[in-house]
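Please look at the sequence and the 3D structure shown here.

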Amino acid sequence: MVAIFATVMVGCNGNEVGIEFSEARVIVKDLMGKASEINRIHYGEGLKHLDIESKNAYIEIDPTEEYKSLEEIKAFTRSVLSQSYANELIESTFEGRYSAGGGIVTKARYIELSGTILVLQDIEAYEGIYYYDLDTVEIMETTLDRIEAKITTIDGNIKEVVCVREEQGWRLDSTTY
């Protein structure tokens, strides 16, 4: 029992040193810079679509969009968000949401047919999306695999975010909208 107490005390005495706040600030700033694109794709107005009349629920995306496949969007999402958060978001964006009884609650935002991304015409953008002043990142706490930070939105709200170190690198593990 004494050995367990000693081990806990060693951990509490700071043997696990967090990353430097200056390094953490660069990481958070980089990831939050990409968060606006994540929010646009998954929560906001979505990918631009062709401006044509169609009775179909889905319409082809504008060819000027940077993404040419759902896999590209998924890869970008996974490069910014933690694995668990990215998987949840990808599922809802590309498969939709279903009720416990199996009925559709929301349709998938995007589908891909014959190598072409189609976007749901009637996307309802979440109205509470924030845009951030990246120069306001304030690091609250760090460990070797976690960063807690605050950042101010361009309209003055303060948002707390968490970044985690995963096998592929640092990822956001909190919502940014």
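This is a predicted model: local features need pLDDT of at least 70, side-chain atom pairs count only at pLDDT 80 or more; totals for chains, interfaces and linings use all residues.

Which residues of α3 are buried? Helix α3 spans residues 70–80, and its buried residues are Leu70, Ile73, Lys74, Phe76, Thr77 and Val80. They lie on the same side of α3, because the arc they cover around the axis is only 160°. An α-helix has 3.6 residues a turn, so residues three or four places apart point the same way.

Thr77 belongs to this helix. Thr77 counts as buried because its relative accessible area is 0%, and the cut-off for buried is under 20%. Leaving out residues up to four places away in sequence, Thr77 touches Ile38, His42, Ala86, Leu89 and Ile90.

The chain as a whole has 4 helices and 9 strands. Along the sequence they follow the pattern α-α-β-α-α-β-β-β-β-β-β-β-β. Of its 177 residues, 38% count as buried. The accessible surface comes to about 10700 Å², and 51% of that surface belongs to carbon and sulfur atoms. Among contacts between residues at least 6 apart in sequence, 56% join residues at least 24 apart.

In soluble globular proteins, nonpolar side chains tend to be buried together. Here the largest nonpolar core has 43 residues, and Val28, Ile147 and Leu172 have the most contacts inside it. At least two residues of this core come from each of α2, β1 (58–60), α3, α4, β5, β7, β8 and β9. Helix α2 gives the largest share of the core, 8 residues. Ile147 has contacts with Ile19, Ala24, Ile27, Val28, Ile139, Glu141, Thr142, Val161, Val162, Cys163 and Trp170, leaving aside its neighbours within four places in sequence.

Ser114 is placed in the loop between β4 and β5. Ser114 is exposed, because its relative accessible area is 82% and the cut-off for exposed is over 50%. The phi angle of Ser114 is near 50°, a positive value in a residue other than glycine.

| Residue | Relative accessible area | State |
|---|---|---|
| Thr77 | 0% | buried |
| Ser114 | 82% | exposed |

The last topic is open space. How much space lies in the largest pocket? The largest pocket holds about 400 Å³. Its lining is made up of 15 residues, and Thr106, Lys107, Arg109, Leu120 and Glu124 are the ones nearest its centre. The largest share of that lining, 3 residues, comes from α4.

Conventions:
Residues are numbered from 1 along each chain as its sequence is written. Side-chain values use heavy atoms; hydrogens and water are left out. Buried means under 20% relative accessible area, exposed over 50%, partly exposed in between (1.4 Å probe, protein chains only). Contact means heavy atoms within 4.5 Å. Accessible areas come from the Shrake-Rupley method with a 1.4 Å probe; for residues, only the protein chains shown count as cover. The arc is that of the directions from the helix axis to the C-beta atoms. A nonpolar core is a set of buried Ala, Val, Leu, Ile, Met, Phe, Trp, Tyr and Cys residues joined through side-chain atoms within 4.5 Å. On a 1 Å grid over the protein atoms alone, a cavity is a set of points where a 1.4 Å probe fits but cannot get out, and a pocket is an open set with protein on both sides within 12 Å along at least five of seven lines; lining residues have an atom within 4 Å of a point. Grid points are joined across faces, edges and corners, and a volume is the space filled by probe spheres set on the points.
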